[in-house]
Amino acid sequence: MAILITGASAGFGAAMAKTFVQAGYAVIGTARREDKLLDLQQELGELFQPIAMDVCDKNSIQAALNHINMLPEHFHEIDCLINNAGLALGLDKAHQAEFDDWETMIHTNIIGLTYLTRQILPQMVQRGRGLVINMGSIAGNYPYPGGNVYGATKAYVRQFSLNLRADLHGTGVRVSNIEPGLVGGSEFSNVRFKGDDERAAQLYEHANALTPQDIADTALWLYQRPAHMNVNSIEIMPTTQSFAALNVHKT
Ligand code: 8X3
């Protein structure tokens with residue numbers, strides 16, 4: 001039995017890979033950047049198997065799934081799929097945002113996640129057990145300026161997760177959606193701000209944000225819940241983050 005984690009080369013995915021390996025589980029980590037995965041394997045040893053995969057490319061996903069069968073046997077059955085690969089690009093208003101960025105987010109956060117899930121689910125249903133953990137976001141629950149398509153993709157992830165639960169009724173397969181707020185220590189904002197590392201750093205300065213380890217610990221906790229328990233969604237914020245009032249534009 002193995003844990004399959006997408007986007008495992010950095011951030012949440014790398015923290016999850018380490019956390020699950022340290023707990024004794026066999027982990028397959030996928031990402032586009034194979035060199036980063038190989039570095040992680042150096043660190044984690046044989047319980048971690050890297051596979052280069054672009055979650056936006058169905059052929060690449062198929063090739064990765066075929067590759068799993070060439071790994072040692074205890075990696076063959078995926079008991080937990082962690083759909084972690086995803087990204088935000090830009091924080092511009094909808095009328096100013098780059099459409100290419102929107103497309104990339106839709107391809108990665110929605111289409112890639114959905115396709116891979118569809119490929120993995122049958123084996124879980126057949127075994128009558130398994131867990132799909134999707135990485136949602138508070139951005140899927142609360143609108144904010146510039147969140148436009150990113151938030152919409154995460155709202156999709158949340159509803160897809162809940163609808164999977166409806167379809168998987170009676171199969172024993174569990175689905176959880178993790179919805180984090182502000183998390184520092186990953187490349188998330190550096191990617192969102194397209195390399196403006198100073199802007200990214202400012203966001204987390206003095207914010208006492210969550211860490212990738214907090215999210216990895218949550219994923220492990222979800223996986224280790226007993227088979228009769230399904231956490232549908234878990235929304236997590238740093239204590240420093242809360243809600244603001246709605247805006248009123250006065251003329
Ligand atoms: C990341 C959380 O608040 O930056 O998904 O959208 S937020």
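The structure is a predicted model, in which local features need pLDDT of at least 70 and side-chain atom pairs count only at pLDDT 80 or more, while totals for chains, interfaces and linings use all residues. Residue numbers start from 1 along each chain as its sequence is written.

The C-alpha trace spans about 65 × 40 × 35 Å along its principal axes. A residue is called buried if 20 or more other C-beta atoms lie within 10 Å of its own, exposed if 12 or fewer do, and partly exposed in between, with C-beta atoms placed from the backbone. Of the 251 residues, 39% count as buried. Two residues are in contact if their C-beta atoms, placed from the backbone, lie within 7 Å. Among contacts with a separation of 6 or more, 69% join residues 24 or more positions apart.

The protein contains eight helices and seven strands. Helices (H or I, at least four residues) and strands (E, at least two) are DSSP runs, numbered from the N terminus. Strands of a sheet pair through backbone hydrogen bonds, either parallel or antiparallel. Two strands are taken to pair if DSSP finds at least two bridges between them. Here seven strands form an open sheet in the order 3-2-1-4-5-6-7, with parallel pairing. Strand 3 (48-52) and strand 7 (233-236) are the edge strands, each pairing on one side only. From one strand to the next the twist averages 15°, where axes are lines fitted to C-alpha atoms, for helices over the stretch in contact, and angles run from 0 to 180 degrees between N-to-C directions.

Helix 1 (residues 11-22) packs on this sheet and touches strand 1 (2-6), strand 2 (26-31), strand 3, strand 4 and strand 5; the direction of helix 1 makes about 165° with that of strand 2. Helix 5 (residues 148-167) also packs on the sheet, touching strand 5, strand 6 (173-180) and strand 7, and its direction makes about 160° with that of strand 6.

Strand 1 and strand 2 run parallel and are joined by five bridges; alanine 2 stands opposite alanine 26 in strand 2. Six of the six residues of strand 2 are buried, with Ala26, Ile28 and Thr30 on one side and Val27, Gly29 and Ala31 on the other. Strand 4 (residues 78-83) pairs with strand 5 (residues 130-135) in the parallel sense over four bridges, and isoleucine 82 has isoleucine 133 as its bridge partner in strand 5. Isoleucine 133 also has a bridge partner in strand 6, serine 176. Strand 5 and strand 6 pair in the parallel sense over six bridges. Eight of the eight residues of strand 6 are buried: Val173, Val175, Asn177 and Glu179 point one way, and Arg174, Ser176, Ile178 and Pro180 the other.

Isoleucine 61 lies in helix 3 (residues 58-68) and is buried, with 21 other C-beta atoms within 10 Å. Leaving aside neighbours within four places in sequence, isoleucine 61 is in contact with Met53, Val55, Tyr115, Leu116 and Gln119.
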